[in-house]
Amino acid sequence: MKTVVIDRDLLELEIKPYARLEEYRRLTEEDVRERLLTAGELKPCPCPGCRSSASRMVFEKSGMCYRECDDCRSVYVSPRPPEEALVDFYRNSRSACFWREQILPETEETRREKVFRPRAQWLLNVLDRYRPEARLGIVVGYHNDLLVEELTRQESHLFHTIVTNAIADIEFRGSKRPNVTIRPTPVSALSSLGPADIFLAFDILDRCADVEALLSAARATLAPGGLLLASTISISGFDLQVLWDRSESIYPPERLNLLSTEGLIALFERQGFETLEFSTPGVFDVEAVQRAIDKEPEAPWPRFIRYVVKERDQDAINGLQEYLQKYRLSSFVRMVLRKPR
Amino acid sequence: MKTVIIGYGYMGQIRKQVVDTMPELKLCGICDPFLGPGLIPVDCAHYQDYREAIDDVRPDVVFVCTPNRYTPDICIYALEQGCHVFCEKPPGRNLNDIQRIIEVEGKYPHLKLMFGFNHRHHPAIVEAKSFVDAGRLGRILWTRGVYGKSGGRDREFEGSWRNDPDISGGGILLDQGIHMLDLFRFFCGEFHEVYGFLSTAYWNVSVEDNAFVLLRNEQGQVAQFHSSATLWKHTFRLEIGLERGYLIVEGLLSKTGSYGREKLIIGRKPGDDEHAALGNPREEIVYFDTDVSWDLQARELVNCITHNLPVTDSSSLDALRVMEMVDAVYRQAKVRSAAASVPGGERRLP
């Protein structure tokens, strides 16, 4: 297994304008209460990481209960809405429209240059290394339009790509790219699109209602030796461990599953995937803690953490973030997994 | 396949661990005349003489893990007895040794012969090779390597067979540096020009404890290498400069971990629109956790045997070519007149 550390000069502010985020969070909370809590369809679930049903409630956000698994320490929402309700939320809620129409366009160029260009570069390197003969890729996550654009820009002989997420028709509206097919497809029908060489599940594991079903579908869709590339937010990461319920990154319905490192490994092992890369190349952990301390200076923060992020210079801050990457302790997780041949 | 390991020192024990994990191989005998009673494995026969081991067990595969002086004779005997052979590096003490082995190999084309250039299979090297082969960073311009160790405790190091020219045939360059030369070939192909300086700078031994090597191939790629037994901090570092970036392999997964965590640094030449990054580009560092090089090599050998495939990785040709490089350095370093002299420096010479 390998892990990757990335030296990147990017501030969270550049891809998440805070002033706008306040409005987005307010809308999201209203939407959750109106659309998801009142739907009456919330169902309890076991830990999405290790499947244990031993858990305890740790906090509540927007009326939804976050539980911590007694075994693998993953944190997850239970009871939770079904996939159909979530799809409706992402298609039609005011907050989702606000995100698509206000925030994404405003940050498009920064995200393209600093997030998706390197991600496309990494993805192509992964293919060079493990699946150079790739012919078909399936994209299941949200907001991948810039990634697909970068991939087609960087690689003239790119594999054929099918974008399947439930709002792909909205995200890719008006966009015509050769070799890219937009076909929103429910998880249960994904396998009919295979056999695929590569399955891209960026920023989807944390927000989908049934992770187990998604990974089963990935396995069924992939050809033997095919690759699953995934990214997610993990509760084992520095900022989420320090901030816990104060973290602005934890909110429903985008963060239903905050799997621990151990939970993620259990999940992928159970589905029979071989882990080729497990990295936490996040760049925002320390910055997020700094911001939280600034916002609530009187809160009972751990003294050492407060000292480091408030009193030490930028070099020490950067060194701490690099340490988190090196030892897989950032909350942003990136994985490369392979279906057995 | 019945398997025998000849030589049960450090390398023999590593090979046994690998053999024990492979269902295709069954360890039936170990030969080492210097084993103390506590070191003899209980799960296979023990022999004092390699001929007796091979004649008695009639193995399919022989692992040769002996000091350099004994390597060629054992390889040759095993081949003549119809065994596939895996031989540790170096393939003998000198060029003549590997040439002898190859001559016999040629008489038995159905047998497989592989050499222990396992560094090619270290994860950071495999990853770096993937970057080079994909071509996204352009062609290789140059390579530079440092590989060295601290020797060890004084008496232990100076008294080691590795520093007895009669047994080893050479010093640190032949013992450890051979891996780096093999990697230069792995990335750049054959080198035709060789320059070298050898020194016995610190240790009281009759072979070199430092070697400085400069090579150039027909594509104009230059490789520079420092092999050393006086690096008090164990070091492995291979740099590859390419048209659109660079790759650095640093550290090496090993049994003791003394070479540091194995990593690959990937740097990309900044674009014209990235003024701030000029001279200090963004880098990615890939860290690796597991050394699978030993397993991969053994599996490759078994694969070649099982499917009757030619050995194309760490073959006798690879061994010959790298021994030619070592031989050239040793020869060149002895011939002072071959190197251009600096006029000012020349005047200071006695």
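Colleague: How are α11(A) and α12(A) oriented to each other: roughly parallel or roughly perpendicular?

Modeller: This is a predicted model. In chain A, helix α11 (residues 285–295) packs with helix α12 (residues 303–311) at an angle of about 100°, and their axes are 10 Å apart. Angles from 65 to 115 degrees count as roughly perpendicular. The orientation of α11(A) and α12(A) is therefore roughly perpendicular.

Colleague: How many residues of the contact of α11(A) with α12(A) are nonpolar?

Modeller: From α11(A) come A:Val286, A:Val289, A:Gln290 and A:Ile293, and from α12(A) come A:Ile305, A:Arg306, A:Val309 and A:Lys310. By class, one of the residues is polar and two are charged, while the nonpolar ones number five.

Colleague: Which element gives the most to the side of chain A that touches chain B?

Modeller: The contact between the chains takes 12 residues from chain A and 14 residues from chain B. On the side of chain A, β1 (2–6) and α5 (108–130) each supply at least two residues. With five residues, the element that gives the most is β1(A).

Colleague: In β14(B), which residue is the bridge partner of A:Val4?

Modeller: Strand β14 of chain B, residues 283–288, pairs with β1(A) over five bridges. The sense of this pairing is antiparallel. Within β14(B), the bridge partner of A:Val4 is B:Val286.

Colleague: Which strands stand at the edges of the open sheet in chain B, each with a single partner strand?

Modeller: The sheet has six strands with parallel pairing, in the order β3-β2-β1-β4-β5-β6. Its neighbouring strands are turned by 20° against each other on average, direction ignored. One side of each edge strand is left without a neighbour in the sheet, because each has a single partner strand; these strands of chain B are β3 (45–47) and β6 (113–115).

Colleague: What distance separates the centres of domain 1 of chain B and domain 2 of chain B?

Modeller: Domain 1 of chain B covers 2–111, and domain 2 covers 119–294 + 327–333. Their contact takes 11 residues from domain 1 and nine residues from domain 2. On the side of domain 1, these are five nonpolar, three polar and three charged residues. Taken over C-alpha atoms, the separation of the two centres is 28 Å.

Technical notes: Residues numbered from 1 in each chain as written. Chains lettered and ligands numbered in written order. Predicted model: local features only at pLDDT ≥ 70, side-chain atom pairs only at ≥ 80, totals over all residues. Contact = placed C-beta atoms within 7 Å. Helix = DSSP H or I, 4+ residues; strand = E, 2+ residues; numbered from the N terminus. Pairing = 2+ DSSP bridges. Axes fitted to C-alpha atoms, helices over the stretch in contact; angles between N-to-C directions. Parallel < 35°, antiparallel > 145°, perpendicular 65-115°, else oblique. Nonpolar A, V, L, I, M, F, W, Y, C, P; charged D, E, K, R; others polar. Domains from an automatic or database assignment.
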